[in-house]
Amino acid sequence: MRIITKIIISALAMLTAFSISALAQTQNITGVVSGTTGESLTGVTVFVKGTTNGTSTDDHGHYSIKVKKGQSLVFSFVGYKTLEIVVGDKTSIDAILADDAMLLQEAVAIGYGNQSKLTLTGSVAQTSGTSLQRNSTVNLSQGLAGRLSGVIVNNRSGEPGKDDATMFIRGRSTLGDNSPLIIIDGVPGRADDFSRLTGEEIESVNVLKDASGAIYGSRSANGVILVTTKRGKYKEAPKIVFTYDFGLQQPTRLVKMADAVLFTHAYNDELGITGGAPYYNADQLKHYEDQDDPILYPNTDWFKAIIKNFSQQHKYGVSINGGSDRVAYFVQVNGQYQDGIYKKSATNFDQVSVRSNLDIKVTKSLTLGFDINARQQHKNYSAFPSDDYGIFYIATRMKPTGAAYFPNGYLRGGTNPAVLVQDLTGYDKTTINTVNTTFTLNWDLSSITKGLSVNGHLAYDVVSNWKKNWQKDWNYWSYDEVTETYEELTSSYWSTPVLSEKQTHSHTTTVNANINYDRNFDGHHVTALAGFEQSSFRSDYFRAGINQFDSDILDEFFAGSADKSWYDIYGYAQETARRSWFGRLGYDWKSKYLIQAIIRFDGSENFPEDNRWGTFPGVSVGWRASEEPFFKEMFPNISNFKLRASYGEQGNDKIDAFQYLTMYSYSNASAYKFQMDDKSIKCIVPGSVPNPNVTWEVAKTWNIGIDGSWKNGLLGWEVEYFNTKRSNILCTRNASIPYYTGLTNNLPDENIGIVKNRGIEIQLNHENRVLNGDILYHVNGNFMYAKNTIDYMDETPWGTGHEYMNLTGHPMGARLLYQVAGINKTADDLTNHPQMSGATLGDFYFEDLDGDNKITSFDRKRCDLTSVPEIVYGLNADATYKNWDLSILLQGQGRARFYYAPLTDPVSGNVEKEAAQNAWTLNNTDTNYPRLGSNVSNGSVTKSSFYYRNAAFLRLKNIELGYTIPEKVFGTKLGVKGLRVYVAGYNLFTFSQLKNVDPETSDESYQTYPQVRIINCGAKLTF
């Protein structure tokens, strides 16, 4: 017992001594944290390195923390470099945090050069390749949605190889082509390549939205997207990166069609309204309800019959980058594969791409570069398209009382959607080979005068597009009810196999040379640019086909008919060229007072000689008020507060070439053929009347912006107002030239249209560290409202008293719709309200807008909202916690409408579930949904406000959760620098009042391949 007592006493003594020793080693550290200019910093994270012990500075920059001797304190704050200090014997430590130079000197591409974001006076939106790597799709253009302020991105289709998003910068401003100019690595004309790039090869994407785009003159009015790909760095060890991503796709939404039971009852109810006899008798209805005879009385969901639960996609790549003293390189090989959503699908997309960006320091001042990007794409489809009255058009209209297969698996006949998705009907295959090459030169001439340099590039791009289409009939089975036997037959959809091949070969040459000057004279910073650019383009097209084959065994021309009357041969060539001179002059004093001027002279072959050249100026100014002493005293927590304004004139030359010339063409019409030596000779006939004064559109754009940051990045903002007037828009004179003259079909387009577009943009960002600095998070939100109005277009007048029908004064695309006032539920309704011809019980009655007690085409009203939204917004959030990272992207739109007219005619095909369930019938009179089968209420025939649906939505566009296994886990022998694994989702959730179709669709006939939802996972291995 005594021994145990001694042991306990000894242990307590040792524990006490240890505790006293530990307490003696712990000390309280206090201090003040400030910036380099002496201002105290609030909210700085102060923590003990390697522990969770931490605190933050108060409103006066003071902090207090307990630290053991020998430990280190880490000071971290957004916008400043992280500072680490060993405690030692100190009891007071004051820390001075230096500005993060990388943040302050962050450069944005502005066209033919870069500029510090600090002194930027134009309106430029930016995202990085790192952000775009989180895009789950194989199409890069879809990854821009919600990420860039002022950019409308809508994905209208998810079909492999045909899923490019539509992009409008600050809405639409012209009655013609509104697509932006896309420039990749300084070379225009590579727009088709953009969507097929990967985030792994992109350094940044910048969007010029105002007068800053005037540096691109006649092609910049719709905005400019500048894409910069990655390059290697000198004196950097090689870094090898392997990436792989696997995804599963499925449609976001599919139209819900009636099943056989609902369809048959709805059909009978519709006939009963007008006293017709039922189409389906009681026995047939019972068979459909009981499903006791799947051969004669099937019940088919056609989408389930042709669409599988999930389809696959793959993305993979390997890159190496680095550099020696004289050579820097970035090389990447990547591939993509995307399967179609169909069962036994003939649809898929496959791509392999190689990029090599090489820089060589020939001398200390001279650098040469050689870039090459080669890509091969394979787009494979069945002989029936998804759109253009193909697969989805047929599938939505196919009655549910038919079936795709017999119970034994035999394929049924007719225009069966289950066979249309397969290659049994033939195929439609396209192969695109693209090679982009660029030779660059950069020569520093500081030896002549400081800040002087020249640079330029020579680019040569070749694109070859080969398409082969083979159409043939297929075998199917029929069933004999009497003998209960099956017979295999051949379809007769096509009277004979048909083969066609098309080939387009194009090449573009671009030459660019620039003189640059960038120098600082005791706070006076001067920049200057003078440049020249010329490009030429040629495209050759050839088509050959044989429309008669005796057999479908061989799909080659030699197996076709020898009769030349079945031959189809056609071809043409086109070419154009541009030449430009441009300049930019910038000045700022101590990054406080800012001004920049731009001018460009453009010449284009699209226009006549006397009207070939145009001048496009731009100017922008800025004032960084936060650099003024009075501002710092009044608003000490606000930094980088900047007022800026710009004005510019930009052009749009996206028109058909050579409209100033009289066009002639060969005519196949019998009236223009005659016989010569017993042969039929085609005549050359004149086309449209030429317009010798045709020129480019001109956009005059004003932009005003306010930027700022509160508490060094805790809250940042950019607020802008823009106003654009687009004139010289090509339109046809419909009002000035009466129709009875017979000239209206041959009149040329003239530069007479005027459209205004105005709006606001708001961008907010927040960045901070929490939980003792363990969690770093960023939140960025953007919002834009843009509305256009047609001021003039020489519109055909609707007549006195019907001015409300004019499109002038309304946004582009505003449509005329009958305004629904109610439904004829009783015989009194039919007599008490003006009716459209043919209206019966269950039909709509409409507002009599012109008051003539009749419903005619003059009783339609312009509805301003379209499928192109006036409001778009996005919210990007990402966070890191130790080795974990999370990113979330929300995308949305508002003030958008989709004309959603459900299928309601049971005679011609199936009807939609919503329409069938809610339709007015003699037994369902208390409903606000119209009857089926009537042209008066059929939204596809009579366009009315009832089907003008709200297409606003909020979508979880992308979410990704990743974990990085650090280098130390792998050791040094393997050479692994890190392994990141992740899971992600795309289009996972959509919140919208439009439930039956995806709110981003613009196809009113429901024949577009649907947008897809993706669940994916992947890995990134770095050596």
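**Aromatic pairing and overall architecture of the predicted model**

Y1009 counts as buried, at 2% relative accessibility, where buried denotes under 20% relative accessible area, exposed over 50% and partly exposed the range in between (1.4 Å probe, protein chains only). F392 is likewise buried, with a relative accessible area of 2%. The structure is a predicted model, in which local features need pLDDT of at least 70 and side-chain atom pairs count only at pLDDT 80 or more, whereas totals for chains, interfaces and linings use all residues. Residues are numbered from 1 along each chain as its sequence is written, and side-chain values use heavy atoms, with hydrogens and water left out.

A search of the whole structure returned 48 aromatic pairs. Because W470 is located in strand β23 (residues 452-471) and F549 in the loop between β27 (524-546) and β28 (567-589), the pair ties together parts that are 79 residues apart in sequence. W470 is buried at 3% relative accessibility, and F549 is buried at 3%. Pairing applies to rings of Phe, Tyr and Trp (its six-membered ring) with centres within 6.5 Å; planes under 30 degrees apart are stacked, over 60 edge-to-face and the rest tilted.

Ring pairs also link Y818, F844, F846, Y899, Y929, F946 and Y947 into a cluster. Within this cluster, Y899 has R815 over its face, at 4.5 Å from the ring centre. R196 lies over the face of F349, at 4.3 Å from the ring centre. A charge sits over a ring if NZ of Lys or CZ of Arg is within 6 Å of the ring centre and within 35 degrees of the ring normal.

The protein contains 13 helices and 50 strands, defined as DSSP runs numbered from the N terminus (helices, H or I, at least four residues; strands, E, at least two). The C-alpha trace spans about 105 × 100 × 70 Å along its principal axes. Of the 1023 residues, 48% count as buried. Among contacts (heavy atoms within 4.5 Å) with a separation of 6 or more, 70% involve residues 24 or more positions apart.
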